[in-house]
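Reader: I would like to go through this structure with you and ask, for each term you use, what lies behind it. Please set the values against the rules as we go.

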Amino acid sequence: MRIRSLFLLLFALFTCSLQAQSDLAFQPDQIRLEWELIENQHQGKSQSLSRLTLTNEGKTPVPASGWSIYFNFGRSLLNDPLVATGYEVKQISGDWFRLRPTDKFGGIAPGKSWRLDWVSTDWLVHRTDAPNGFYVVFDREPDTGYPMPAPAIKAPADARKLQRSPDDKKLPVTPADVYEQNKAVGQPDRDNICPVFPTPLKWGLLPGGISVNQNTPVWIDPAFAKEAQWLYDNWRYWLGGINIVENPPASGVALVVRKSNEPLPDEAYTLSITNERGIEIMSYSPAGAFYGMQSLASLFDPEALQQSIAEQRLPCLEMIDQPRFAYRGMHIDVARNFQPKAEILKMLDAMAMYKLNVLHFHFSDDEGWRIEIPGLPELTRVGARRGHTLKENEFLHPSYGSGPVAGQSSGSGYYTRQDFIEILEYAAARHIRVIPEIELPGHARAAIKSMDARYERLMAEGRPDEARRYLLRDPEDRSTYRSVQWYNDNVVCVALPSTFAFIDKVTDELLAMYRAANAPIETIHLGGDEVPGGVWEKSPVCRQLMKEQQMNSTDELWYFFWTKLDGMMAAKGLAVSGWEEAGLRKTQLDGEAKYIPNPDFTGKGFRMYVWNNVIGWGAEDLAYRMANAGYKVVLGPVSNLYFDMAYQKHFEEPGYYWGAYTDTDQAFSFAPFDYFKTTKTDRMGNAVTPGLFAGKDRLTDYGKGNILGIQGLIWSETLTGPEDLEYMVLPKMLGLAERAWAPAPDWESASDAAQLDQQYRASWTGFAHRVGQVELPRLDYLSGGFNYRIPTPGAVLKDGMVYANIQFPGLTLRYTTDGTEPTANSTVYNAPFKAVGKVKLRAFDRRGRGSRTVQVGN
């Protein structure tokens, strides 16, 4: 009876839904959308012209009024609102736009199209630049959005349309370009390729080798009990079983992990494999023992990560190893677009395998707040969801194509308190510290709107004091500003006591989670970047504070804020971390604004994360200036380590490119102590000459001691799920891991350009072969397999013959000659062949996943 009642209820709801859909003025899916770039450099300026076409494929007309279409677009319009014949386009907030017909619009008859042209700022170069997240809202239902089909995106037929400016020398990449680049990968010197990755401090192969299986005795010092569990679990998986013994065997082949009697540097270990004794790992610290285990794991056949193998052959060797940098990080943004807990755990597995030890967890920003905070339910009820809304008291408005329905895309989602504790536990078991980031005072819109909703709820309940307790904005503030991401309401009021009460509350709740997870924490990242001019200028609360503190300008509110935060964090035993702006002071030079390292904070233990080294922006040496001034610095330059930057300039490649294009070699070629030396081109592809860095500060020996380490960064504006995250991060992470752990390569200290080039090519060749033949196969199977990017083949047509190569030897090249797409069953490329017709090529991994197709032909 209950089942029948439930069925009738569901049927009634479904019928009502169909009836509601049928009552619409038109069906959202009867409109086909198409977007195309007309040209960059429109009218000879830094702006672009694009076109959106709406075609009515239904049997009924689209009416002349009564509806609006909303969408997201990562540019601003040259004229806002854009009013043209028949329509108006307005940027509402952030990247959220509204298109609506005007009184001169006559509707769209069946089979007819309506074309809209608009001019926007900057350039449009990649598919991910196109507008997305389209939905329609009918005037009679202003609170409901109906999703529309994604637009067809038309690639430019003329590649010259992708030129960003007259000085843009970086043309869209061709198969011939890639072929030329791949020629840098030569034949490796097999005797000098280390079998362990990342490259250890010292190593040497010994004669012979050993075999291990599930019967091999395994003994691990009780001092490393937590690390032992990781090895036990994986050894069972690799070999189908494990033979744990109570004491180290006196003779014969065994695996023994000992605690060193003498202190070793933190994270250091030795690894010895001999015919007589088998495997011995020795370390003084649990972290060192864990990294020794990771090095042992890197010697195993990648197939063991997929299914158990009966026996593993290991080379005899001796290794002494420790990391170059104590901080080896990966920054992951889950605020712009959310990633499920399972994906974060999966990324922690990859980080551990490559000996990265810090997850910089960017969980809050304008577009989302992703960790549950007890006592502040609005942070996740409102701040963790995006959907169509006119008030934002239930959720935030759509961003980055998240669509109209809250909870149905990567725009929505959060980690419960227990989820975050489990992430911390998982990370700690792999010797990865998690540094949470609370974005302040800018990039705080999700928090601000959430606390606004809390305020409204408690005011309605007649509790005004409690309503104001965590309010983040001055209701009387009339300041006008616009952030880089086009928000005018994303900066907290730094003069409100309630702002600091909020920070204190969130910090205390986060610390409670760390205690529950028994996870280490020594700093919280507090943001500090991209606060626009104009903030706080017309806030009565800020003006009153300035009067009380005898401040002369709103710039001094900035120093007040960070001084206050420093005291709050110090009282909790925490250091302050922030983006570089947090450690800068604004001054004047020859009547113009100039930013210098703020001497007030250098002695306070501030940790500055420096990203800005964009060639031509003037801050190329900022990281070195801050380190030389006494700040502890983490290097994460956009030129090499921003993994959300597209791999290459090609319309089909996803990602941003405002600061650089970053392929794996950009991370690998990063020279932390002298990145001027290995910077070859600017973001437009123009050659960089040594003269460009004339007058720039070099890193002093004192400054080198202040470089904590390096980290890769992935921002999530273009990531709509785990596959996108993995594609953009891997295999770039491997280049990061090598530079973070391995000793400084010889080319980093090369005396001249020719020597640097020769040494670098040899180093890159060994790395590329290791990646293609060992590391990518490991990633095929680790944690169920990663969706790493498979590079496109390089290919040229010479004298009627097709020549092809690949960035990472070990991947399989396949081709067709009949114009069809190559598959995992197509002909394998082993040698140049005679071109017949249209030749298409793809690279494939062991699982049969393929790269983007390239074409050469007669």
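Reader: How many nonpolar, polar and charged residues does the lining of the second largest pocket have?

Author: This is a predicted model, and in it the lining of the second largest pocket has 14 nonpolar, 14 polar and 13 charged residues. The lining comprises 41 residues, and those nearest the centre of the pocket are Lys170, Gln181, Asp665, Gln666 and Thr681. Two or more lining residues come from each of the elements α2 (175–182), α14 (638–641), α15 (664–668) and α19. The volume of this pocket is about 1400 Å³.

Reader: What makes tryptophan 764 and phenylalanine 767 an aromatic pair, and why is the pair called tilted?

Author: The ring centres of tryptophan 764 and phenylalanine 767 are 5.4 Å apart, and rings pair if their centres lie within 6.5 Å, so the two count as a pair. The angle between their planes is 35°, whereas stacked pairs need planes under 30 degrees apart and edge-to-face pairs need over 60; the pair is therefore tilted. By this rule the count comes to 59 aromatic pairs.

Reader: How far apart are tryptophan 764 and phenylalanine 767 along helix α19?

Author: They are separated by about one helical turn, because tryptophan 764 and phenylalanine 767 stand three residues apart in helix α19.

Reader: How do helix α18 and helix α19 cross, and which residues make the contact?

Author: The axes of helix α18 (residues 732–741) and helix α19 (residues 753–781) come within 11 Å and cross at roughly 120°, and the crossing is right-handed. Leu734, Gly735 and Glu738 of α18 make the contact with Phe767, Val771, Glu775 and Leu779 of α19.

Reader: Which peptide bonds are cis, and where do their prolines lie?

Author: A cis peptide bond joins aspartate 80 and proline 81, with omega about 0°, and proline 81 lies in the loop between β3 (67–72) and β4 (82–84). The bond from leucine 440 to proline 441 is also cis, with omega near -15°, and proline 441 is found in the loop between β22 (433–440) and α8 (445–460).

Note on methods. Residues are numbered from 1 along each chain as its sequence is written. This is a predicted model: local features need pLDDT of at least 70, side-chain atom pairs count only at pLDDT 80 or more; totals for chains, interfaces and linings use all residues. Side-chain values use heavy atoms; hydrogens and water are left out. Axes are lines fitted to C-alpha atoms, for helices over the stretch in contact, and angles run from 0 to 180 degrees between N-to-C directions. Helices (H or I, at least four residues) and strands (E, at least two) are DSSP runs, numbered from the N terminus. A crossing is left-handed if the near helix is turned anticlockwise from the far one by less than a right angle, and right-handed if clockwise. Contact means heavy atoms within 4.5 Å. On a 1 Å grid over the protein atoms alone, a cavity is a set of points where a 1.4 Å probe fits but cannot get out, and a pocket is an open set with protein on both sides within 12 Å along at least five of seven lines; lining residues have an atom within 4 Å of a point. Grid points are joined across faces, edges and corners, and a volume is the space filled by probe spheres set on the points. Ala, Val, Leu, Ile, Met, Phe, Trp, Tyr, Cys and Pro count as nonpolar, Asp, Glu, Lys and Arg as charged, and the others, Gly among them, as polar. Rings of Phe, Tyr and Trp (its six-membered ring) pair if their centres lie within 6.5 Å; planes under 30 degrees apart count as stacked, over 60 as edge-to-face and the rest as tilted.
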